[in-house]
Every structure is written in C-alpha cells, then in structure tokens.
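These are my notes from one sitting with a protein model. I wrote down what I looked up, in the order I looked.

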Amino acid sequence: MTWLVTGGAGYIGAHVVRALLDAGEQVVVVDDLSSGLRRKVPDQVVLVEADVRDRDALARALATHRVEGVVHLAAKKAVAESVAQPMQYYRENVDGVLSLVEAMTDAGVSRIVFSSSAAVYGSPDTDFVREETPTIPMSPYGGTKLVGEWAIRDATTAYGLTAIALRYFNVAGAGAADLGDTGANNLIPMVLRAYSNGQRPQVFGADYSTADGSCIRDYIHVADLADAHVIAAQRLASETTPWSVYNIGRGVGSSVFEVMDSVGAAIGEPLNPEVVQRRAGDPARIVASAEAARAGLGWSATRDLDDMVTSAWSAWQQYPPS
Ligand code: UD1
C-alpha cells in the first residue's frame with residue numbers, strides 16, 4: 001500500500017518513513033524542508049517539496065502516486081515559540097490539517113494517522129495520564145494539536161474517514177546514526193549541545209514536588225514511536241472504529257537528573273549540571289498510561305532511556321548538527 005507521509009524529512013517523520021519501508025509499504029513524502037532535511041529522505045522515496053497547506057499540491061500527490069493512506073506529521077512543534085507566535089502556530093498546524101483532510105476527501109483517500117502530543121493534556125493532576133484524562137492544553141502548540149484532533153474526528157463522522165491519533169510523550173533517541181534530532185529544542189539534544197560546547201547543561205528547576213526536585217517526563221524512543229505508526233497505519237485497513245486516540249509513551253517516568261546521569265554514563269564523564277530557574281509552564285510530572293496502546297494496538301515500547309541516550313549521542317557524534 002502507498003502512504004503519504006507529511007513531514008517525512010523531519011526527525012520523527014524520517015523514522016516513520018523508514019519503518020514503513022521496512023514493513024513493506026510504499027511511501028511518498030510531502031515536506032517543505034523548513035526544518036526537515038532532504039538527506040533524510042531515502043533515494044527510492046519521492047519527495048514532494050510543498051507546504052502541507054497547499055491543497056492542490058496535496059491533491060496532485062495523492063492522485064499521482066495512488067496514495068491509499070496518510071501519516072500526517074508536518075507541523076510546528078516548539079512550545080515556547082508557540083507562546084510567542086500563537087497565530088502562526090494555529091495557521092500552520094490547523095490549516096495544515098484542514099487542507100490535508102479536504103485533499104483526502106477530494107481524492108477519495110480515507111485513512112489517516114495523526115501526529116498528536118501529550119501537550120493536549122496540559123498539566124494533568126494524575127500520576128499516569130489516560131486518554132480519558134481531560135485535555136486542557138497549556139500552550140498554543142498543544143491547542144493546535146487538540147483542534148487538529150477535533151477536525152479529524154469530525155471528518156471521520158462527516159466524510160467517512162478512518163483515523164488514529166497518536167499522542168506522543170517525550171520523543172528521544174535515534175533509530176540510525178543519520179536520523180538524530182538536530183533541532184536542539186528538547187532536553188537530550190540540549191544537554192548534548194551544552195556538553196559539545198564545553199558548557200554545563202542546565203536543569204530548569206529542582207524545587208518541584210518530585211523525588212529529586214526536577215521534572216519527570218515519559219521518554220519514548222523514536223524507533224518505538226515509528227513502530228507505533230506502522231502498526232496504526234496497518235490497523236486502519238481493517239479498523240471498524242472510525243476514530244481512536246492512543247498515548248504513545250512507556251508509562252515510565254524519568255527525572256531531568258536521571259536523564260543527565262544517563263547522558264553522563266553514555267559520554268563517559270559526569271556532567272555536573274547547573275540548576276537554574278524553572279521554565280515557565282513546565283508541569284512537574286507527565287507520564288503516560290501505556291495501557292490503551294497495548295490493548296488496542298498491541299504496541300508497547302521495547303527500548304529504555306539508556307537506549308535513547310546512547311543512540312542520540314552516537315548520532316550526534318557521527319552527524320553533528322550544523
Ligand atoms: C514539550 C511538550 C511535548 C512536546 C515537546 C516538543 C508539554 C507537556 N510537553 O515537552 O508534548 O512534544 O515539548 O518540544 O507541553 N529541561 C531542562 N533543561 C534543558 C531542557 C529541558 O531541565 O536544557 C527540562 C524541562 O524543564 C522539562 C524536561 O527537561 O522538564 C523535558 O523538556 P523538553 O524536552 O523541552 O520537553 P517538554 O517540555 O517536556
């Protein structure tokens with residue numbers, strides 16, 4: 001079957017593309033290369049260089065390549081930037097979903113896997129976040145993902161689409177050395193960048209009500225996440241429920257200090273992190289319940305935090321970010 005992967009040249013998208021190819025699927029990528037890299041798209045995959053809001057370009061790509069399903073990842077994803085530029089985030093992320101769904105319905109393509117985020121939950125008051133936990137996003141980024149979910153959910157009812165939304169927790173690691181996260185927006189790349197520049201990595205607050213005082217997150221290996229997309233995509237062919245949502249996490253919390261220890265072990269020297277002020281808007285703890293994905297998709301993570309950190313460090317060394 002042929003899948004169109006939007007954002008397939010990006011950090012997560014490129015992993016999804018390779019996982020789909022490994023599973024015997026065909027892939028076409030749509031990416032405007034605003035943050036994605038051409039070198040991450042395999043030679044046998046057609047890259048359509050277009051903005052995901054360009055409905056005509058999408059419709060052409062869907063028809064030309066006889067696409068039967070879409071994995072939609074293209075979006076802006078920097079939480080702090082979304083606070084500063086909310087309209088740009090709503091325009092790009094929400095308009096992207098709308099034009100994609102319209103192009104799909106025009107072309108008669110009915111299957112979609114949607115890249116959503118734990119950011120839809122905001123700061124949930126529960127140890128393990130379930131899919132039924134109230135969605136109260138704390139950032140425009142999280143808001144755009146929730147609105148995207150609603151638009152797709154409503155399209156399943158109105159136009160007969162079948163959709164699965166995957167709410168990613170904290171994605172990290174590299175499935176291959178050339179696929180590392182070069183964006184440096186998230187904790188592990190930021191720690192590696194600080195180390196590479198001879199600086200001390202920073203802990204954004206050590207006065208939270210957690211065991212060691214630093215924030216706790218549910219880190220998920222990008223290769224496990226990519227596998228979840230393949231399972232979800234293949235599931236759509238036989239899916240009778242038109243709309244479902246799954247957390248993609250491990251159900252295991254790691255603190256910022258624990259991540260720093262893991263990075264120090266991978267590098268071979270302790271990091272001596274510096275504790276600085278809290279970053280505004282950070283919840284103390286957000287950890288998935290991974291039960292629904294296990295029961296509904298038959299998926300669960302197989303890689304741990306050390307796997308994420310060692311693969312990220314190895315990718316960082318072999319393909320240093322420019
Ligand atoms: C947020 C979103 C997540 C989104 C991700 C994308 C929420 C709840 N989560 O994750 O859905 O996919 O952004 O960017 O909105 N930290 C440090 N020092 C650093 C960098 C980070 O201590 O140099 C800490 C942060 O305070 C946080 C943890 O590390 O506690 C992880 O931070 P980060 O990687 O930025 O991800 P989140 O903000 O958790």
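Helices (H or I, at least four residues) and strands (E, at least two) are DSSP runs numbered from the N terminus.

Before going on I noted that this is a predicted model, in which local features need pLDDT of at least 70 and side-chain atom pairs count only at pLDDT 80 or more, while totals for chains, interfaces and linings use all residues. Residues are numbered from 1 along each chain as its sequence is written, and side-chain values use heavy atoms, with hydrogens and water left out.

**Helix α10**

I listed the buried residues of α10: Leu305, Met308, Val309, Ser311, Ala312, Trp313, Ala315 and Trp316. Buried means under 20% relative accessible area, exposed means over 50%, and partly exposed is in between (1.4 Å probe, protein chains only). An α-helix has 3.6 residues a turn, so residues three or four places apart point the same way. The buried residues of α10 pack against β7 (170-172), α6 (187-196), β10 (219-221), β12 (254-255) and α8 (256-267). At the start of α10, I found a side-chain oxygen of Asp304 within 3.2 Å of the backbone nitrogen of Asp306.

**Helix α5**

I repeated the length check on α5 (residues 140-159): its 20 residues should span 28 Å, and the end C-alpha atoms are 27 Å apart, which agrees. Among the buried residues of α5 are Pro140, Tyr141, Leu146, Ile152 and Ala155. Their cover includes α3 (79-84), α4 (86-107), β5 (111-117), β6 (162-168) and β11. After α5 comes Gly160, with a positive phi near 75°.

**Ser244**

Is Ser244 buried or exposed? Ser244 counts as buried because its relative accessibility is 11%. I located Ser244 in strand β11 (residues 243-248). Leaving aside neighbours within four places in sequence, Ser244 is in contact (heavy atoms within 4.5 Å) with Ala163, Ile164 and Ala165.

**Ala176**

I found Ala176 in the loop between β7 and α6. Ala176 has 23% relative accessibility and so counts as partly exposed. Not counting residues up to four places away in sequence, Ala176 touches His15, Arg18 and Ala315.

**The ligand**

Which of the 19 residues around the ligand come nearest? They are Ser117, Gln202, Arg217, Arg279 and Asp282. A residue is near if one of its heavy atoms lies within 4 Å. The shell divides into ten nonpolar, five polar and four charged residues. β8 (202-204) gives the most to the shell, with three residues.

I then looked up distances to oxygen atoms of the ligand. An N or O atom in the side chain of Arg217 is 2.5 Å from one. A polar backbone atom of Phe204 is 2.8 Å from an oxygen atom of the ligand, and a polar side-chain atom of Arg279 also lies 2.8 Å from one. Taken alone the ligand exposes 740 Å², and the protein buries 91% of that.

**Positive phi**

Leu33 is not a glycine, yet its phi is positive, about 60°. I placed Leu33 in the loop between β2 (26-30) and β3 (46-48).

Definitions and conventions. Polar contact = N/O pair within 3.5 Å; in protein donor to acceptor, adjacent residues only side chain to side chain. Areas by Shrake-Rupley, 256 points an atom, 1.4 Å probe, with all protein chains shown as cover. Nonpolar A, V, L, I, M, F, W, Y, C, P; charged D, E, K, R; others polar. Expected span 1.5 Å × (residues − 1).
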